[in-house]
Amino acid sequence: MAGKKRVTAKDLNIKVDSKRERDLFDWLMCVILFSKPVQQELAGEAFKVLRKNKVDSPNGLKKAGWQKIVNLLGEAHYVRYDESTATRLLEAGEKVQEEYDGRLKNLVDNCDSAAALKKRIQEFKGVGPKGAEIFMGEVGPVYFN
């Protein structure tokens, strides 16, 4: 039996290799969505719904607020973990705003190695070792090869 396909940044039209802030933050959002025990395809669809509704940046998350994020995740059928994921997405946006001057790229650019970035990305609630591995699978080769 074939395994489920892993959803990549490219599958979601996220161009991490562009090194643009938007793409970097979009990928962090996806990693947070992927970090719950849901199918990656479902998490990818949830990201698409958030993006379609312009809830895919620190400011977009803040402007939307928790309830709208929960509702959008529900619209995407990402319902079992919608409330905790909405909280984590909001916290990620706030962390980027407060600690990295609104730019996740500032965190990435200040890491001198892939190992340092892998450790720092786990400072975001909901991103554990597996989530960091997913993040680095796309971002690591662009920044550290």
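Modeller: Gln-40 is buried, at a relative accessible area of 15%; buried means under 20%, exposed over 50%, and partly exposed in between, with a 1.4 Å probe and protein chains only. The model is a predicted one, in which local features need pLDDT of at least 70, side-chain atom pairs count only at pLDDT 80 or more, and totals for chains, interfaces and linings use all residues. Numbering runs from 1 along each chain as its sequence is written, and side-chain values use heavy atoms, leaving out hydrogens and water.

Gln-40 belongs to helix H2; helices (H or I, at least four residues) and strands (E, at least two) are DSSP runs numbered from the N terminus. Setting aside neighbours within four places in sequence, Gln-40 is in contact with Lys-5, Arg-6, Val-7, Phe-34 and Ile-134, where contact means heavy atoms within 4.5 Å.

H2 covers residues 40–52, and its 13 residues reach 18 Å from first C-alpha to last, close to the 18 Å expected; the expected span is 1.5 Å times one less than the number of residues. Besides Gln-40, the buried residues of H2 are Ala-43, Gly-44, Ala-46, Phe-47, Val-49 and Leu-50. Their cover includes helix H1 (21–34), helix H3 (58–75), helix H4 (82–99) and helix H7 (129–144). Just after H2, Lys-54 adopts a positive phi of about 60°.

Met-136 is itself among the buried residues of H7, as are Ile-134, Phe-135, Val-139 and Tyr-143. H1, H2, H5 and H6 are included in what covers the buried residues of H7.

Lys-105, in helix H5 (residues 104–109), is buried with a relative accessible area of 14%. Beyond its neighbours within four places in sequence, Lys-105 is in contact with Lys-19, Glu-21, Leu-24 and Tyr-143.

A nonpolar core is a set of buried Ala, Val, Leu, Ile, Met, Phe, Trp, Tyr and Cys residues joined through side-chain atoms within 4.5 Å. The largest one has 49 residues, and those with the most contacts inside it are Trp-27, Leu-28, Phe-124 and Phe-135. H1, H2, H3, H4, H5, helix H6 (114–121) and H7 each supply at least two of its residues, with the largest share, 10 residues, coming from H1.

The chain as a whole has seven helices and zero strands. Its radius of gyration is 14 Å, close to the 15 Å that the globule rule gives for 145 residues, so the chain is as compact as a globular protein of that length; the radius is taken over C-alpha atoms, and the rule is 2.2 Å times the number of residues to the power 0.38. Of the 145 residues, 46% count as buried. Among contacts between residues at least 6 apart in sequence, 60% join residues at least 24 apart.
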